[in-house]
There are 4 protein chains.
Amino acid sequence: MIFTSDNVVGASDKVMAGLAVANSGALASYGADPITQRVEAAFDALFERKVTSFLVTTGTAANALAIAAMVPPYAAALCHRESHIIDDECGAPEFFAGGAKLVGIAGTGAKLSARAIAAHLAEEPGGTNHPPFRGISLSQATECGMVHRLDEIRAIAETAHAAGMSLHMDGARFANALLTLGCTPAEMTWKAGVDCLSFGGTKNGCLMAEAVIFFNEKLAEDFKFRRKRAGQTVSKGRLLSAQFEAYLDAGHWLDLAAKANGAATRLSLELAAIPGVRLAWPTEANEVFVILKREVIAALRARGAAFYEWTAKSLAPDDRLAEDEDVVRLVCSFATSSAEVERFIDIVRSNPVQGG
Amino acid sequence: MIFTSDNVVGASDKVMAGLAVANSGALASYGADPITQRVEAAFDALFERKVTSFLVTTGTAANALAIAAMVPPYAAALCHRESHIIDDECGAPEFFAGGAKLVGIAGTGAKLSARAIAAHLAEEPGGTNHPPFRGISLSQATECGMVHRLDEIRAIAETAHAAGMSLHMDGARFANALLTLGCTPAEMTWKAGVDCLSFGGTKNGCLMAEAVIFFNEKLAEDFKFRRKRAGQTVSKGRLLSAQFEAYLDAGHWLDLAAKANGAATRLSLELAAIPGVRLAWPTEANEVFVILKREVIAALRARGAAFYEWTAKSLAPDDRLAEDEDVVRLVCSFATSSAEVERFIDIVRSNPVQGG
Amino acid sequence: MIFTSDNVVGASDKVMAGLAVANSGALASYGADPITQRVEAAFDALFERKVTSFLVTTGTAANALAIAAMVPPYAAALCHRESHIIDDECGAPEFFAGGAKLVGIAGTGAKLSARAIAAHLAEEPGGTNHPPFRGISLSQATECGMVHRLDEIRAIAETAHAAGMSLHMDGARFANALLTLGCTPAEMTWKAGVDCLSFGGTKNGCLMAEAVIFFNEKLAEDFKFRRKRAGQTVSKGRLLSAQFEAYLDAGHWLDLAAKANGAATRLSLELAAIPGVRLAWPTEANEVFVILKREVIAALRARGAAFYEWTAKSLAPDDRLAEDEDVVRLVCSFATSSAEVERFIDIVRSNPVQGG
Amino acid sequence: MIFTSDNVVGASDKVMAGLAVANSGALASYGADPITQRVEAAFDALFERKVTSFLVTTGTAANALAIAAMVPPYAAALCHRESHIIDDECGAPEFFAGGAKLVGIAGTGAKLSARAIAAHLAEEPGGTNHPPFRGISLSQATECGMVHRLDEIRAIAETAHAAGMSLHMDGARFANALLTLGCTPAEMTWKAGVDCLSFGGTKNGCLMAEAVIFFNEKLAEDFKFRRKRAGQTVSKGRLLSAQFEAYLDAGHWLDLAAKANGAATRLSLELAAIPGVRLAWPTEANEVFVILKREVIAALRARGAAFYEWTAKSLAPDDRLAEDEDVVRLVCSFATSSAEVERFIDIVRSNPVQGG
């Protein structure tokens with residue numbers, strides 16, 4: 001019953017096998033290998049257009065490099081105040097972007113909205129006391145497991161572009177969000193106005209494989225230098241490209257996400273049906289955020305369940321925790337088993353305190 | 001006949017197998033996995049003392065992070081003017097160290113010497129026009145394939161410490177240099193006064209595994225934050241730790257280096273014995289730098305040999321290229337075959353121009 | 001009736017005269033002039049101990065350099081969410097501190113409190129997702145014209161030091177706050193636990209003269225290099241030192257602040273006595289924050305009064321603006337005349353809307 | 001006999017008087033004062049076109065900000081290896097430009113040449129190991145007191161632009177160089193292809209007044225934010241603008257430079273006429289670099305002359321110091337008196353060692 005994160009499991013068998021096969025023989029280094037070239041073509045196909053893609057090692061690096069490409073050192077980016085980039089990356093975006101500022105705004109379920117962004121911009125004083133906003137970063141899915149709808153992304157992109165900002169999507173859980181919307185990768189990104197994307201593979205079946213995808217060519221112009229000087233240009237590039245090749249092959253990445261989302265959906269539905277249990281936010285990807293009584297949380301831990309408690313800051317305005325409640329985050333991965341899900345539900349259900 | 005670099009081959013079979021085994025099951029993320037803990041213990045054993053080790057993804061990141069730990073943003077580090085950190089990492093050390101300066105000095109075979117360092121320091125004007133020197137970085141082996149002797153390292157360390165500087169060793173080819181000196185890892189590092197080390201695995205049999213090893217605890221204090229915000233804290237930490245575990249197991253890393261050095265030695269000895277051929281610098285690790293006539297170089301390429309030409313800037317003061325000569329770099333890896341070596345030698349030997 | 005800021009007037013006659021006298025003759029450059037040395041001694045005398053002082057050109061530079069001296073690039077500083085450093089300096093602290101983070105917290109009247117700081121620290125998750133806090137910056141007086149009491153500063157300093165943080169005081173209006181507390185400069189700074197201070201002269205009678213004063217010697221160690229590389233080491237150092245010499249001579253600086261505070265006090269008392277008018281925050285230095293009806297604000301502007309409207313975010317929790325009200329900031333300087341004050345009061349008093 | 005620098009004297013009487021007059025009354029802050037607007041118009045007139053000008057406090061800040069505007073953090077700038085920006089500003093350009101690299105090249109008299117630049121660029125390896133060059137900075141006059149001719153500047157600008165680089169001119173001694181060329185400010189800058197200029201006032205009669213002038217509008221776009229976050233936006237802007245207004249008025253700045261150049265010319269001519277004395281480089285502005293015997297240098301010092309010895313690195317290729325010689329730098333300012341010059345010459349002339 002490990003629900004701490006989707007990064008506690010290794011790679012899928014298919015990804016691992018792809019890596020093993022690619023290991024043999026001599027290949028050009030620093031991303032000039034043929035596998036990387038095939039992966040670049042795969043990204044073009046995936047997004048139904050020519051894109052510029054760069055493989056990097058971590059999601060933090062992908063996000064921070066993308067933000068640095070959008071936002072000059074004297075400028076700022078808007079994001080949700082609980083977004084990963086502002087709250088979980090130890091200042092990486094500020095570092096990569098040379099001291100640029102991140103400004104966090106509020107929103108239920110860690111979602112951004114065009115309205116909240118416009119309201120924030122309307123209060124800007126002008127002059128030079130504030131750095132100018134040049135970028136917006138939204139997370140898809142969000143830190144609270146919610147998914148921005150296509151029209152929401154489009155509205156955010158329009159607001160961004162009208163104000164001279166570029167739009168970045170942190171897609172650490174891109175596949176999980178995509179399945180929920182039932183749309184194409186193109187629709188969820190450039191067709192909705194996204195300028196660049198952190199395309200995550202690690203949380204959904206790779207060991208370590210992330211890509212920065214540019215739909216706005218101008219932002220990509222000097223990115224190869226940024227990646228190199230960030231220590232993200234891998235010498236044996238096949239390590240990253242071979243994982244991606246297997247990951248993207250024949251819809252494997254979507255199959256993996258479907259398993260994770262399925263486990264989360266089941267967990268969510270059955271937990272929400274237990275009297276006294278409610279969801280903090282709707283389950284829209286592979287993460288369940290459920291409000292439980294502290295005693296139940298203790299019982300779960302005592303019986304071997306692993307998970308994190310979560311901040312309630314982004315609850316809907318009319319929602320509130322009771323004194324004896326906490327929010328709990330349950331992350332499912334492609335490897336989450338039915339048995340784990342069932343056992344977790346059983347413990348909650350059987351607990352008299354909660355059930356009361 | 002691929003002699004372009006030791007990073008054109010994948011991982012050794014043993015390393016790859018270790019990675020495959022470590023892939024299964026759930027493990028704590030961000031380096032809290034038991035394999036990482038075993039690797040940390042292995043480094044303690046290797047260096048015969050408690051060290052603080054951090055796994056990172058690339059040599060550039062290892063070097064740049066180590067230099068940032070030694071040198072504050074308003075200060076400077078000394079290195080050889082052809083060192084990898086100043087000449088091949090696209091400004092990564094300056095970036096990671098917040099704009100700190102690298103100052104390169106000369107030396108035959110890309111070696112640093114205590115004397116050259118002291119001479120440079122003696123010319124410093126004082127005042128605040130120059131940033132203060134806080135670190136020295138030496139490469140072991142150097143960019144010209146040479147190895148600093150223990151007494152040379154000790155003298156450099158003494159000069160560094162006497163002037164308030166820390167000493168970093170770029171050990172991208174640590175194993176290759178170690179075999180040449182025939183000493184222990186402890187002797188080549190902290191016993192000689194090295195404060196921190198980039199311990200390379202990638203070039204010598206891993207797919208991607210580098211470590212920053214601190215012998216000076218003070219420098220390691222906040223390093224975990226530096227690594228995180230540099231996007232170098234890998235979520236599925238087993239990727240790095242499993243490679244290192246296999247790499248360090250039962251002397252595997254030294255076996256690999258012995259193969260690479262052996263191939264280089266043979267290549268070097270046989271080439272140097274050919275009339276008209278001479279070495280640019282002595283072959284002291286797994287790289288051969290040989291001076292060939294341009295016609296011979298063309299013939300080698302025509303017959304399928306791959307390699308780079310190299311700068312002659314660090315030739316010994318009394319050495320010089322003839323008009324029709326160039327320096328060629330030949331890098332051997334653990335996977336370099338005898339057949340490749342023999343074929344290369346045959347082409348040079350059979351060439352009437354060179355032989356003349 | 002110019003109440004926009006205390007930086008709209010030039011230098012006091014005495015300061016200007018001092019500058020003119022110092023202009024003649026040859027003097028050593030870059031702060032090695034005898035006037036600078038006398039100013040350094042004057043700061044020692046002022047603070048009743050040896051301090052390390054550095055003259056710089058602007059308050060932004062003073063603050064940003066001081067924060068950089070406290071907070072390494074991978075760390076963070078706490079401050080009030082409306083503080084000048086986080087909200088009015090276009091990211092200067094983040095730039096000077098190499099990408100370090102500023103984190104703003106709430107507090108009535110833009111004051112920090114040990115309790116609010118402790119509460120914030122208590123919620124820190126540990127690990128490396130957040131950069132470690134290494135500094136706190138408080139403004140004396142605050143952006144809302146309030147003054148931290150000695151016991152409040154001491155409590156903040158204790159909280160800071162207990163958590164491994166240094167304490168910086170932004171003293172852009174140091175003299176104004178000092179008069180209010182009726183204590184010595186030593187009591188308001190190092191005796192209360194302040195580690196470094198931005199000592200402002202510009203707003204209170206100089207043309208441009210700011211100093212960074214270190215009570216904690218360790219922080220001052222390499223500051224001369226930081227100042228130089230920030231372009232803040234002035235070649236004709238007498239420009240800054242001569243202003244400070246006149247400013248500090250015979251209590252001139254306190255005389256100037258007394259005039260400014262006196263004007264503000266009078267303005268505040270008389271405005272608050274007008275029916276329907278109330279203060280946003282108590283007037284504790286040279287700034288009055290008064291809540292006026294929008295019609296009255298318009299009338300003031302129509303009759304030539306100049307001032308800024310201000311955010312009401314830091315009102316006391318039980319206070320709130322009415323629909324037709326706004327907060328107005330009125331800054332008095334040493335040059336504010338009684339006539340200006342009286343005319344302003346008359347307009348408000350005579351206005352039937354407000355008076356109602 | 002103070003020849004250490006042109007920054008050891010205060011402001012000219014006219015500049016000081018202008019400052020005193022501007023001190024009285026209330027003026028808008030942060031550069032919105034009418035004097036600043038008049039100075040901006042004066043720069044337009046001076047350069048015979050619309051320029052974008054920003055007043056800043058120090059030459060280091062002017063240079064570092066200008067370079068940051070040209071060169072992104074992941075890129076590099078070329079300059080002479082003895083230029084002020086690379087050798088005397090404690091890493092300020094690297095700091096302001098976010099870790100960008102400065103690369104220094106050689107040239108007699110600290111001059112850059114299109115040929116040397118082109119030769120350097122021709123050796124660039126391509127790929128991403130080196131950051132891309134985006135700017136060139138030349139000093140006018142140079143660190144060795146020489147002046148680039150108009151055709152030389154044009155050739156450098158052409159080389160720069162052809163390679164995608166902008167051209168910056170460090171004009172700390174702009175007026176001195178301009179007089180030597182006998183051309184217009186427009187001819188020495190934008191008409192020759194200069195993109196941005198550090199226009200120095202401090203060394204030539206101001207107390208502290210520098211400007212960054214942009215001829216290439218694109219580089220100026222966001223410069224106001226850069227200046228603000230660098231702590232270079234002065235609140236009482238009249239301090240800088242009033243100095244510049246007096247400095248530029250009725251050719252005052254050229255009168256001052258003429259005095260400085262005249263003193264240097266006389267010193268140079270008479271020294272060079274003394275047997276055994278020779279110039280290190282021709283005297284082309286207000287600095288004399290003369291090669292003297294060490295005994296003579298000691299005698300000068302013993303009799304009260306103040307000056308610095310200088311590096312001989314940029315002597316012409318066929319020139320060389322004798323064992324007992326050193327280069328001495330003598331800087332004349334607008335305040336250098338004939339008496340000082342004569343006395344210096346007398347000491348050299350009367351010295352038997354030199355005269356021998």
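These legends accompany close-up views of a predicted model.

**View 1. An open four-stranded sheet in chain D.** The sheet is open and has four strands, in the order E8-E9-E11-E10 of chain D. Their pairing is antiparallel. At the edges lie strand E8 (278-279) and strand E10 (308-310) of chain D, each pairing on one side only. Helix H13 of chain D, residues 252-272, packs on this sheet. H13 touches E8, E9 and E11 of chain D. The direction of H13 makes about 25 degrees with that of E9(D).

**View 2. Strands E9 and E11 of chain D side by side.** Strand E9 of chain D covers residues 287-293, and strand E11 of chain D covers residues 325-331. The two run antiparallel and are joined over seven bridges. Lys293(D) can be found opposite Glu325(D), a residue of E11(D).

**View 3. Helices H2 and H12 of chain D packed together.** Two packed helices are described by the angle between their axes and the distance between the axes. Here the partners are H2 (residues 34-47) and H12 (residues 238-248), both of chain D. Their packing angle is about 40 degrees, and the axes are 8 Å apart. An angle between 35 and 65 degrees is neither roughly parallel nor roughly perpendicular, so H2(D) and H12(D) are oblique to each other. The crossing of H2(D) past H12(D) is left-handed. On the H2(D) side, the contact is made by Ile35(D), Thr36(D), Arg38(D), Val39(D), Ala42(D) and Leu46(D). H12(D) contributes Arg238(D), Ser241(D), Ala242(D), Phe244(D), Glu245(D) and Leu248(D). By class, the residues of this contact are seven nonpolar, two polar and three charged.

**View 4. Tyr30 of chain C in its loop.** Tyr30(C) sits in the loop between helix H1 (13-22) and helix H2 (34-47) of chain C. Tyr30(C) has 18 C-beta neighbours inside 10 Å. A buried residue needs 20 or more, and an exposed one has 12 or fewer, so Tyr30(C) counts as partly exposed. Leaving aside residues up to four places away in sequence, Tyr30(C) touches Thr233(C), Ser235(C) and Gly237(C). One of these, Ser235(C), is 205 residues from Tyr30(C) in sequence. In space, the C-alpha atoms of Tyr30(C) and Ser235(C) are 4.4 Å apart.

**View 5. The contact between chains A and C.** Chain A supplies 14 residues to this contact, and chain C supplies 14 residues. The side of chain A that touches chain C has five nonpolar, six polar and three charged residues.

Note on methods:
Residues are numbered from 1 along each chain as its sequence is written. Chains are lettered from A and ligands numbered from 1 in the order in which they are written. This is a predicted model: local features need pLDDT of at least 70, side-chain atom pairs count only at pLDDT 80 or more; totals for chains, interfaces and linings use all residues. Two strands pair if DSSP finds at least two bridges between them. Two residues are in contact if their C-beta atoms, placed from the backbone, lie within 7 Å. Axes are lines fitted to C-alpha atoms, for helices over the stretch in contact, and angles run from 0 to 180 degrees between N-to-C directions. Angles under 35 degrees count as roughly parallel, over 145 as roughly antiparallel, 65 to 115 as roughly perpendicular and the rest as oblique. A crossing is left-handed if the near helix is turned anticlockwise from the far one by less than a right angle, and right-handed if clockwise. Ala, Val, Leu, Ile, Met, Phe, Trp, Tyr, Cys and Pro count as nonpolar, Asp, Glu, Lys and Arg as charged, and the others, Gly among them, as polar.
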